[in-house]
Amino acid sequence: MGIIIKNIDCLVTCEGSYRKKKEEMKDAKIIENGYVVVKEENIVAVGSGEGYKEYITQGDTILDGRGKTVTPGLVDPHTHVVYAGSRERELPLKLNKVGYIEILKMGGGILSTVENTRKASVEELAGEARKRLDIMLNHGTTTVESKSGYGLDLESEEKILKVNQLLNESHPIDVVSTFMGAHAIPKEYKENRQEFIRIINEEMIPYISEHKLAEFVDCFCEEGVFTTEECKNILEIGRQHGLKLKIHADEVESVKGAELAGELKATTAEHLIAASDDGIKALADNDVVAVLLPSTAFYLMLGKYARAREMIDKGVAVALATDCNPGTSPTESLQNVMTFACFGMRMFPEEIINAMTINAACAIDRERSVGSIEPGKKADIAMFNSKNLNYLIYHFGINSVDKVIKNGKIVVER
Ligand code: NIG
Ligand code: FE
């Protein structure tokens, strides 16, 4: 049994399972009057015109793609989707210009979410996160990376990573796990940060790796949080234990986080709002994917965004993500992120879609299975009510999803 989508006005394939750079980012391999043939869980044929007819077998579902834009299922490669509570009480503080790191130092921000998350059970956390994943799926996302980091002790970090596992097994969305014990210094180690870092390195990372609770390790390299040296140490130990590297780099201040990502040949450097020229060069030279989070830049009211145009011109593979979290980006929608990427960072629609599909898949080491519509890939497909790709981004602030296919099954029909 299969699904055939025929007569697609705008079939955005993003073909080519590798990091798209420079001019390649501007080419989303669009096919007009396209078709996609899905059998079981996989894509078996892609083309234009009537060629789909030879693949029709009894029982296939035939969908009409007229008036639609069809893309690979969107990939969200940076989220903090497992947490308890919310932080709307910080809104007046933000409006009174109290800074993000200042709120954190006052025991708010990440630390207040840590307090709520520590108290919550696996079931409660999974219930909350499941609702967020449902919203993501409804907005066209089919694969998500999820970071721990609101536990900050081994037991609570393990609890969050177990929620990731549970959701990966029970929700249509695929969840890729990242351990981010180095997200903040918890209040009990405020006066003894070295001891907390020792615990991350000597207790948490070995345990998490041994129990296969995460695939990546990440840390918050930022003025007032973890220093570049501390992050280097944590990431190197993560690598020794078989974890792949991600780094929250230069989100607010320039602390040579991008340079560190280059030096370590990390898979990704993420945020990069304040990345230096040398940092951008280091990313390009070392094939590090830059995961940009423009909804966070908007929400932090920094008045600036990561320099996406310069990064693309200099040959950095750019990916985009929601950063879905309760503090700096409370949104599940990659369609929102499209708006900020276009109107905040001047990325072109074809660049944006490459950044949310194939380059995002590269950011989580999944480019061989998802991120493009081509034979052999998993049938993860988003169908939008847009006659072309420009229209999808031009008409903003709404959910344009018509249908979502995950693993060869229609999971959203609106
Ligand atoms: O990516 N920068 C660190 N972590 C998140 C924010 C987490 C929070 O504020 O709860 C981020 O922006
Ligand atoms: Fe983040």
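**Entry 1**

I began with Tyr150, which is buried, because its relative accessible area is 2%.

Two notes on the source before I go on. This is a predicted model, where local features need pLDDT of at least 70 and side-chain atom pairs count only at pLDDT 80 or more, while totals for chains, interfaces and linings use all residues. Residues are numbered from 1 along each chain as its sequence is written, chains are lettered from A and ligands numbered from 1 in the order in which they are written, and side-chain values use heavy atoms, with hydrogens and water left out.

Next I counted aromatic pairs and found 5 in the structure. Rings of Phe, Tyr and Trp (its six-membered ring) pair if their centres lie within 6.5 Å; planes under 30 degrees apart count as stacked, over 60 as edge-to-face and the rest as tilted.

How are the rings of Tyr83 and Tyr150 arranged? Their centres are 6.1 Å apart and their planes stand at 70 degrees, so I logged the pair as edge-to-face. The two residues are 67 apart and link distant parts of the chain: Tyr83 is in the loop between S6 and H2, and Tyr150 in the loop between strand S7 (141-147) and helix H6 (154-170). Helices (H or I, at least four residues) and strands (E, at least two) are DSSP runs, numbered from the N terminus. Tyr83 is buried too, at 7% relative accessibility.

Tyr83 has a further contact, as the charged end of Arg132 sits over its ring, 3.6 Å from the centre. For this I need NZ of Lys or CZ of Arg within 6 Å of the ring centre and within 35 degrees of the ring normal. Lys246 does likewise over the ring of Phe216, with its charged end 4.9 Å from the centre.

**Entry 1: a pair within one helix**

Tyr391 and Tyr394 have ring centres 5.4 Å apart and planes at 50 degrees, so this pair is tilted. Both lie in helix H16 (residues 389-394), 3 residues apart, about one turn of the helix. I have Tyr391 as partly exposed, at 25%, and Tyr394 as exposed, at 59%.

His80 is in the loop between strand S6 (74-76) and H2 and His248 is in strand S11, so the pair ties together parts that are 168 residues apart in sequence. His80 is buried at 2% relative accessibility, and His248 is buried with a relative accessible area of 2%.

**Entry 2: cavity and pocket**

My search ran on a 1 Å grid over the protein atoms alone: a cavity is a set of points where a 1.4 Å probe fits but cannot get out, a pocket is an open set with protein on both sides within 12 Å along at least five of seven lines, and lining residues have an atom within 4 Å of a point. Grid points are joined across faces, edges and corners, and a volume is the space filled by probe spheres set on the points.

I found 1 cavity of 30 Å³ or more. The largest cavity has a volume of about 90 Å³. Of its 14 lining residues, His80, Tyr100, His183, Asn325 and Thr328 are the closest to its centre.

The largest pocket has a volume of about 440 Å³. It is lined by 19 residues, with Leu104, Lys105, Leu111, Ile185 and Lys190 nearest its centre. H4 gives the most to this lining, with 4 residues.

**Entry 3: a positive phi**

Lys97 has phi near 70 degrees, a positive value in a residue other than glycine. Lys97 lies in the loop between helix H2 (90-95) and helix H3 (100-105), and counts as exposed at 75% relative accessibility.

Technical notes. Buried < 20%, exposed > 50% of the residue type's maximum accessible area, 1.4 Å probe, protein only.
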